[in-house]
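Good morning, and thank you for making time for this item.

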Amino acid sequence: MHPPARQDIIFIVEHDMWLPEAHAVIGDVTLPSDGVGGEFERAEELGKPILGQYYELSPIRAWQSAWVIQRRRIELKGYRDARVMKQNIDSFMRKYFKLRR
């Protein structure tokens with residue numbers, strides 16, 4: 001295991017490697033996360049479509065933070081179970097990409 005500072009460097013390098021190749025970014029914003037926030041911010045810079053999903057029944061409302069709400073490129077969708085989460089992803093992907101049902 002790497003020391004914490006080394007892990008941060010590895011994470012930054014790894015996410016910078018895959019994000020430019022991604023067609024879209026999908027993440028869970030139910031709980032606060034610097035990792036997801038950093039990826040969303042970089043995806044915005046690259047002009048990628050972004051879907052942020054949150055668990056509707058969570059007592060924690062990280063997705064309501066000013067940082068997330070101010071991001072116009074983040075499409076927010078709530079879910080209560082895996083079925084709805086999958087529907088959100090399918091709908092998001094169809095919106096941005098020519099996918100068959």
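Predicted model: local features only at pLDDT ≥ 70, side-chain atom pairs only at ≥ 80, totals over all residues.

Let me begin with strand S1, residues 25–28. Its covered face is formed by Val-25 and Gly-27, while Ile-26 and Asp-28 lie on the uncovered face. That pattern follows a general rule: in a regular strand, side chains alternate between the two faces of the sheet. S1 runs parallel to strand S2, residues 50–55, and four bridges join the two. Within S2, Ile-50 is the bridge partner of Val-25.

I turn now to helix H4, residues 82–96. At 1.5 Å a residue, its 15 residues should span 21 Å, and the end C-alpha atoms are 21 Å apart, so expectation and model agree. Val-84, Asn-88 and Phe-92 are buried in H4. Viewed down the helix axis, the buried residues of H4 fall within an arc of 75°, and therefore line one face. Against what do they pack? The buried residues of H4 pack against S1, S2 and S3. The face turned away from that buried side carries the exposed residues Ala-82, Arg-83 and Lys-86.

Finally, the aromatic rings. How many aromatic pairs are there? The count comes to two. In one of them, the ring centres of Tyr-55 and Tyr-79 are 5.7 Å apart with their planes at 45°, so this pair is tilted. Tyr-55 counts as partly exposed because its relative accessibility is 29%, whereas Tyr-79, at 11%, counts as buried.

The other pair, Phe-92 and Tyr-96, is also tilted, because the centres are 5.0 Å apart and the planes stand at 55°. Phe-92 and Tyr-96 are four residues apart in H4, and so are separated by about one helical turn. Phe-92 is buried, at 0% relative accessibility, and Tyr-96 is partly exposed, with a relative accessible area of 37%.

Thank you; I welcome your comments.

Notes
Residues numbered from 1 in each chain as written. Heavy atoms only, no water. Buried < 20%, exposed > 50% of the residue type's maximum accessible area, 1.4 Å probe, protein only. Pairing = 2+ DSSP bridges. Phe/Tyr/Trp six-rings, centres within 6.5 Å; stacked < 30°, edge-to-face > 60°. Expected span 1.5 Å × (residues − 1). Arc of directions from axis to C-beta. Contact = heavy atoms within 4.5 Å.
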